[in-house]
Amino acid sequence: MIRRALRDPLAHFLIAGAAIWGGLALLGEPVDPASRTIELSRERQEGIALGFERMMGRPPTDAEMDAAVERWVREEVLYREALRLGLDDGDAVVRRRLATKMDELAGAEAEIARPSDEALETWLAARPEAYRTGGMTSFEQVYFASEGAARAALGTTGPQGEAISLPASMSKASSREIAERFGQQFADALADLSPSDALQGPVESGFGWHLVRVTEREDGALPPLEDIRERVEADWRGATISERRERAYALLREAYTVEVE
């Protein structure tokens with residue numbers, strides 16, 4: 001298991017990141033609470049200037065840079081004194097912030113990656129309903145809290161179902177509208193059903209189980225990648241970052257044993 005994990009590019013990234021982090025720590029760059037010497041390297045100054053530019057949309061003037069550096073020094077002094085006093089121990093905010101930074105470290109590579117057209121075409125082909133435009137579905141649904149109850153009612157005449165605050169029917173609804181009311185899982189499953197006079201299913205949603213009668217469907221068109229590349233890439237990037245973070249956590253989690261009293 002460990003050998004397989006170590007062959008994973010993500011593991012290489014985490015190990016490299018930890019090495020860099022450790023190296024910087026040895027140099028005293030991120031923080032050294034035992035030292036009262038604050039070194040403001042050229043790289044740190046560039047980082048402060050970049051942070052200002054990202055926030056304001058322009059580089060800082062000399063006066064603004066001086067003020068930004070003074071703010072950074074003030075934060076560094078207070079941060080080191082807080083560490084010296086042990087104020088980070090048991091601090092939920094600090095704990096959560098550090099955990100977030102580890103998450104960001106795992107996903108950082110995907111944030112700047114430029115996916116190939118082939119990767120985005122594969123992503124698009126696997127999720128056509130999420131990007132199809134102009135399509136619509138009309139359907140009726142009968143809700144049940146359990147799958148067993150829904151299956152038992154499937155062969156009966158005029159099943160009544162159970163009460164729920166969902167529409168009993170939707171007319172000429174887009175996939176996005178259906179997903180907003182019933183959830184993406186239901187919308188995806190509904191897209192696979194053909195129009196029929198009979199009830200079909202059960203179809204699962206985040207609420208429970210549904211017997212569904214699809215009364216009308218008009219297939220929309222799937223735009224070419226070049227027309228929706230920005231949206232597809234954003235979706236791909238978000239999912240890839242989440243997936244990398246989960247894999248990184250799983251890799252790290254294997255090294256820990258949790259004992260609960």
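This briefing describes the fold of one protein chain and some of its local features.

The model is predicted: local features need pLDDT of at least 70, side-chain atom pairs count only at pLDDT 80 or more, and totals for chains, interfaces and linings use all residues. Residues are numbered from 1 along each chain as its sequence is written, and side-chain values use heavy atoms, with hydrogens and water left out. The protein has 11 helices and 4 strands; helices (H or I, at least four residues) and strands (E, at least two) are DSSP runs, numbered from the N terminus.

**Whole protein**

- Of the 261 residues in the protein, 27% are buried; buried means under 20% relative accessible area, exposed means over 50%, and partly exposed lies in between (1.4 Å probe, protein chains only).
- The accessible surface comes to about 17,600 Å², and 54% of this belongs to carbon and sulfur atoms; the areas come from the Shrake-Rupley method with a 1.4 Å probe, and for residues only the protein chains shown count as cover.
- Among contacts between residues at least 6 apart in sequence, 68% join residues at least 24 apart, where contact means heavy atoms within 4.5 Å.

**Helices α6 and α11**

- Helix α6 (residues 117–126) packs against helix α11 (residues 225–253) at an angle of about 85°, and their axes are 10 Å apart.
- That makes α6 roughly perpendicular to α11 (under 35 degrees counts as roughly parallel, over 145 as roughly antiparallel, 65 to 115 as roughly perpendicular and the rest as oblique).
- Axes are lines fitted to C-alpha atoms, for helices over the stretch in contact, and angles run from 0 to 180 degrees between N-to-C directions.
- On the α6 side, Asp117, Leu120, Glu121, Trp123 and Leu124 take part in the contact, and the α11 residues they meet include Ile228, Asp235 and Ala239.
- By class, the contact of α6 with α11 has 8 nonpolar, no polar and 5 charged residues; Ala, Val, Leu, Ile, Met, Phe, Trp, Tyr, Cys and Pro count as nonpolar, Asp, Glu, Lys and Arg as charged, and the others, Gly among them, as polar.

- Leu120 has its place in helix α6 and counts as buried, at 0% relative accessibility.
- Not counting residues up to four places away in sequence, Leu120 touches Pro115, Leu225, Arg229, Val232, Glu233 and Trp236.
- Leu120 and Glu233 are 113 residues apart along the chain, but their C-alpha atoms are separated by 6.8 Å.
- Pro224 is in the loop between β4 (209–218) and α11, and is partly exposed, with a relative accessible area of 39%.
- Pro224 and Glu121 are 103 residues apart in sequence and 9.2 Å apart in space, C-alpha to C-alpha.

**Helix α4**

- Helix α4 (residues 62–84) has 23 residues and reaches 33 Å from its first C-alpha to its last, close to the 33 Å expected at 1.5 Å a residue; the expected span is 1.5 Å times one less than the number of residues.
- The buried residues of α4 are Met65, Ala68, Val69, Trp72, Glu76 and Arg80, and they pack against α3 (42–56).
- An α-helix has 3.6 residues a turn, so residues three or four places apart point the same way.
- Gly86 follows α4 and has a positive phi, near 75°.

- Lys172, in strand β2 (residues 169–173), has a positive phi near 50° although it is not a glycine.
- Lys172 is partly exposed, with a relative accessible area of 48%.
- The peptide bond from Gly201 to Pro202 is cis, with omega near 5°, and Pro202 lies in strand β3 (residues 200–204).
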